[in-house]
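Thanks for coming. I will walk through one structure, a few places at a time.

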Amino acid sequence: MDKEAADNSWENLKMVLRYSIKDDYNYEEAIKTLRTNIKFCGSNIRTVMLTSALPDEGKSSIAFSLADSLAKIGHKTILIDADIRKSVMLTRFQQIGRGEACGLSQYLSGQKLLKDIIYETTAEGLNVILAGPYSPNPTELLEESLLGTMFEVLKFAYDYIIIDTPPMAELIDGAIIAKHCDGALMVIENGAISYRLEQKVKRQLEAAGCRVLGGVFNKVDKGGYGKYGHYGKYGHYGKYSKYDEEGKA
């Protein structure tokens with residue numbers, strides 16, 4: 001399939017963005033720096049996943065903001081919410097018409113076509129795929145061949161694919177998705193995660209054959225470093241697991 005065919009293979013639905021970073025200059029500048037660093041990683045780095053070790057480290061907000069920032073400078077971008085266990089991304093959007101929003105879990109289970117789960121947004125050049133309804137077998141769904149097919153099609157239609165994945169300290173989902181990505185960003189909450197636990201996540205990504213592009217140091221104390229990197233808390237995944245300083249359950 002060529003790019004033109006991919007562009008014309010669906011009529012996108014519409015989503016309204018509820019969330020904006022425009023009022024926070026320092027946050028916006030930090031995201032621009034992250035965007036620039038990704039671009040300097042090379043033109044072959046176009047499918048990028050964001051992950052973390054534990055829930056509530058802020059990766060969903062950073063993924064959203066990064067995708068929005070790439071779209072603002074003319075890159076056709078799609079943001080994929082791949083956390084089909086406990087998504088928080090839907091709170092960023094409001095659907096216009098057509099009933100309940102569809103998502104990734106319905107596509108992977110064969111209930112929807114790819115064109116049925118791609119939504120336009122009010123941000124020019126930015127489309128989204130939501131996670132969809134909770135699935136009782138998320139790992140099995142992500143291992144479906146349809147996931148690889150989806151990425152093959154989207155790479156023809158978009159300049160950048162940004163993926164929000166589940167935390168990786170205990171779940172294998174992120175490692176499955178990593179096999180389809182050009183690179184990964186690790187979001188790390190300041191003062192909350194041990195070095196050993198982050199190394200575990202890094203090894204999982206490398207074992208999946210995914211290049212680790214770097215880390216995003218998040219929720220940094222304003223008093224010590226200024227406002228850069230302080231993104232606050234967004235959403236709640238629920239309790240996947242709890243780790244001590246040694247990275248053990």
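Valine 88 lies in the loop that runs between β3 (77-81) and β4 (93-95). This is a predicted model, and what I say about it is computed from that prediction. Is valine 88 buried or exposed? Its relative accessible area is 7%, so valine 88 counts as buried. Along the sequence, valine 88 and alanine 131 are 43 residues apart, while their C-alpha atoms are 9.0 Å apart in space.

Glycine 110 is found in the loop between α4 (104-108) and α5 (114-117). With a relative accessibility of 58%, glycine 110 is exposed, whereas valine 88 is buried.

Next, the helices. Helix α2 covers residues 25-39, which makes 15 residues. From first C-alpha to last, α2 reaches 21 Å, close to the 21 Å expected at 1.5 Å a residue. Which residues of α2 are buried? They are Asn26, Tyr27, Glu28, Ala30, Ile31, Leu34, Arg35 and Ile38. The cover over these buried residues includes the strands β2 (47-52), β7 (160-164), β8 (183-189) and β9 (212-218), and also α3.

Helix α3 itself has 14 residues and spans 20 Å between its first and last C-alpha, close to the 20 Å expected at 1.5 Å a residue. How many of the residues of α3 are buried? The count is 13 of 14, so this helix is mostly covered by the under 20% cut-off for buried residues. After α3 comes glycine 74, which has a positive phi, near 95°.

On to strand β2, which I listed in the cover of α2. Threonine 47 lies in β2. Its relative accessible area is 0%, so threonine 47 is buried. What is threonine 47 in contact with, once neighbours within four places in sequence are left aside? The contacts are Phe151, Lys155, Ile161, Ile163, His180, Cys181, Asp182 and Gly183.

A search of the whole structure turns up 0 of them. Cysteine 181 is in no disulfide, and its nearest cysteine sulfur, that of cysteine 210, is 5.3 Å away. Why does that pair not count? A disulfide needs the two sulfur atoms within 2.5 Å, and the sulfur of cysteine 181 is 5.3 Å from that of cysteine 210. Both residues are covered: cysteine 181 is buried at 8% relative accessibility, and cysteine 210 is buried at 4%.

Last, the rings. How many aromatic pairs are there? The count comes to 0. There is a charge over a ring, though: the charged end of lysine 76 sits over the ring of tyrosine 158, 5.2 Å from the ring centre.

Definitions and conventions. Residues numbered from 1 in each chain as written. Predicted model: local features only at pLDDT ≥ 70, side-chain atom pairs only at ≥ 80, totals over all residues. Heavy atoms only, no water. Buried < 20%, exposed > 50% of the residue type's maximum accessible area, 1.4 Å probe, protein only. Helix = DSSP H or I, 4+ residues; strand = E, 2+ residues; numbered from the N terminus. Phe/Tyr/Trp six-rings, centres within 6.5 Å; stacked < 30°, edge-to-face > 60°. Lys NZ or Arg CZ within 6 Å of the ring centre and 35° of its normal. Expected span 1.5 Å × (residues − 1). Contact = heavy atoms within 4.5 Å.
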